[in-house]
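Could you take me on a walk through this model, telling me what to select next and what is there?

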Amino acid sequence: DEIGVYLQKKNVSNDPEDVYENLFEYLSQIISETEPGSGGVLFTPWLHGSRSPFEDPDARGMFFNIGLNTGKRKMIRAVIEGLGYQLRWMLESVEETLNCNSKIRFVGGGAQSRVNTEILADILGRTIEVPFDPQNSGALGAAITAGLGLGMLSSFEDAVGRIKTMYLQEPDMANAGIYNRNFSVFRELYNSNKKHFRELNSG
């Protein structure tokens, strides 16, 4: 049972026989073995309030719809899916006023996980593009800006051509019904609880 990794403080990459490079990779494997939609369990990622698409410093995170058959694997996957629902809500809000590219570029540490990318593609219903070394995209952007300022690059278009795509992740539309249903409930969780958040957390 993977809970032993935490209780024993076992490093999953210490033993040459271990197939995982780190705990993050191990968790990704666990998440991939759990069904899409996490059995109806939802997680709201407002641990420090929310700034977008709604601003509410009193909003907080919660797990919703937990039952006797809810294990830690569903809860772990629900966390990743909750982040995806929040990103979808933000994207839909932006698209009310702006036209967005149908392809979404995914960067940062979370983009190192293939299963994170699959979940995000399915929730958004969009193609996800992951560049090489996505965890270093911020540093690459800074280097590009410096290169433009120093005249080492001629234009942003020139710089974009130097950014190579590692892979594209297409959404699995077989999961659309599950994620659309869960996303609808996810949004209503805020609307139904914002009064309670205010009562518990304001002041």
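The tour below goes from the cores to the pockets and ends at one asparagine.

This is a predicted model, in which local features need pLDDT of at least 70 and side-chain atom pairs count only at pLDDT 80 or more, while totals for chains, interfaces and linings use all residues. Residues are numbered from 1 along each chain as its sequence is written, and side-chain values use heavy atoms, with hydrogens and water left out.

**Stop 1: the cores.** Select Trp46, Tyr85, Trp89, Ile119 and Tyr190, the residues with the most contacts inside the largest nonpolar core, which has 18 residues. A nonpolar core here is a set of buried Ala, Val, Leu, Ile, Met, Phe, Trp, Tyr and Cys residues joined through side-chain atoms within 4.5 Å. Buried means under 20% relative accessible area, exposed over 50%, and partly exposed in between (1.4 Å probe, protein chains only). Helices α3, α4 and α7 each give two or more residues to this core, and α7 has the largest share, 6 residues. Helices are DSSP runs (H or I, at least four residues), numbered from the N terminus.

Now centre on Trp46. Leaving aside neighbours within four places in sequence, its contacts (heavy atoms within 4.5 Å) include Phe54, Arg60, Trp89, Phe186 and Phe197. A second, separate core has 10 residues, among them Leu91, Ile104, Phe106 and Ala111.

**Stop 2: the pockets.** Next, select Phe24, Glu25, Ser28, Gln112 and Ser113, which lie nearest the centre of the largest pocket; its lining has 11 residues. A pocket is an open set of points on a 1 Å grid over the protein atoms alone, where a 1.4 Å probe fits, with protein on both sides within 12 Å along at least five of seven lines; lining residues have an atom within 4 Å of a point. The volume is about 210 Å³, taken as the space filled by probe spheres set on the points. Helix α2 gives the most to this lining, with 5 residues.

For the second largest pocket, select Ile80, Leu83, Gly84, Leu87, Phe106, Gly110, Asn116, Ile119 and Leu120. About 170 Å³ of space lies in this pocket, and α3 gives the most to its lining, with 4 residues.

**Stop 3: Asn182.** Finally, select Asn182 in helix α7 (residues 176–201). Is Asn182 buried or exposed? Asn182 is buried, with a relative accessible area of 4%. A polar atom of the Asn182 side chain lies 3.3 Å from the backbone oxygen of Gly37. Not counting residues up to four places away in sequence, Asn182 touches Gly37, Gly40, Leu42 and Tyr85.

Technical notes:
Polar contact = N/O pair within 3.5 Å; in protein donor to acceptor, adjacent residues only side chain to side chain.
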